[in-house]
Amino acid sequence: MNDQMAQRVDRFNALYGFYIDEKLEKWPSLFSEQCEYRITSKQNELAGLPAGFLFFESRDAMDDRVASLLHSNIYPEMALRHINAPCIITEITDGVIHASSNFVVFETRSQSDVFPYAAGRYIDELIENRDSGFEIRKRVCVIDNDIVRTLMAMPL
C-alpha cells in the first residue's frame, strides 16, 4: 500500500515541479485553501526557528505572489528546473499523508551557464483529492544552504 501511495506522491511532485517550471499560474491550485508553505534553511529548521525565505498561509497569498511574479515584478529572465527524488512516506494518519523527498532546482539565465539554485528536501502533509490526486496542506522546503545565490522570489 505505501509503495503505491509513494508512486502517486512522486507523480504529484513531478506535476508540482512542472507547474513551477512551466505553468506557474497553476502552482497554487496544488494547495489547500488554508495551508502552510515555507522555505527555510536547514539550520533554522533544526533550531526550530520559523523564519525563512518565503512563507504563505493560504492559497490566496500564493495567487497574489504568482500574479506579482508574472505581471508586476521585474527580474532577469530565467528558467528553473526541478529534479525530485522518490519520496518516503513517514506516516499516514487521519487521511493525512506525511512524506519527505529530496529535491534540487537548477537556474538558467539567457546566455548564461546553469547554476544550482537550491537543494534540500520537502517535508509534506498531503490530503487526497479528486483533481490532482492530492492537495498540499503543509509543505516545508528545507534548503541545505543558508544563503541563496539570487533573491528568493520563486517558489521551490
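Strands S1 and S7 pair in the parallel sense over seven bridges, where two strands count as paired if DSSP finds at least two bridges between them, and helices (H or I, at least four residues) and strands (E, at least two) are DSSP runs numbered from the N terminus. This is a predicted model, in which local features need pLDDT of at least 70 and side-chain atom pairs count only at pLDDT 80 or more, while totals for chains, interfaces and linings use all residues. Residues are numbered from 1 along each chain as its sequence is written, and side-chain values use heavy atoms, with hydrogens and water left out.

**Strand S1 and its partners**
- Four bridges join S1 to S2, and these two strands run antiparallel.
- Arg38 stands opposite Val140 in S7, and Arg38 also stands opposite Phe55 in S2.
- Eight of the eleven residues of S1 are buried, so the strand is largely enclosed by the rest of the structure; buried means under 20% relative accessible area, exposed over 50%, and partly exposed in between, with a 1.4 Å probe and protein chains only.

**Helix H1**
- Helix H1 covers residues 2–22, and at 1.5 Å a residue its 21 residues should span 30 Å, which agrees with the 30 Å between its end C-alpha atoms; the expected span is 1.5 Å times one less than the number of residues.
- The buried residues of H1 include Met5, Val9, Phe12, Tyr16 and Ile20.
- Among the elements that cover these buried residues are strands S1 (31–41), S5 (96–109) and S7 (134–143), with contact meaning heavy atoms within 4.5 Å.

**Aromatic rings**
- The count comes to ten aromatic pairs, where rings of Phe, Tyr and Trp (its six-membered ring) pair if their centres lie within 6.5 Å, and planes under 30 degrees apart count as stacked, over 60 as edge-to-face and the rest as tilted.
- The rings of Phe12 and Phe134 have centres 5.7 Å apart and planes at 75°, so this pair is edge-to-face.
- Phe12 in helix H1 and Phe134 in strand S7 are 122 residues apart, so the pair links distant parts of the chain, and both residues are buried.
- Tyr37 and Phe56 have ring centres 6.2 Å apart and planes at 20°, so they are stacked.
- Tyr37 counts as buried at 0% relative accessibility, and Phe56 is buried with a relative accessible area of 9%.

**A charge over two rings**
- The charged end of Arg139 sits over the ring of Tyr16, 4.2 Å from its centre, and Arg139 also lies over the face of Tyr122, at 3.9 Å from the ring centre; the rule asks for NZ of Lys or CZ of Arg within 6 Å of the ring centre and within 35 degrees of the ring normal.
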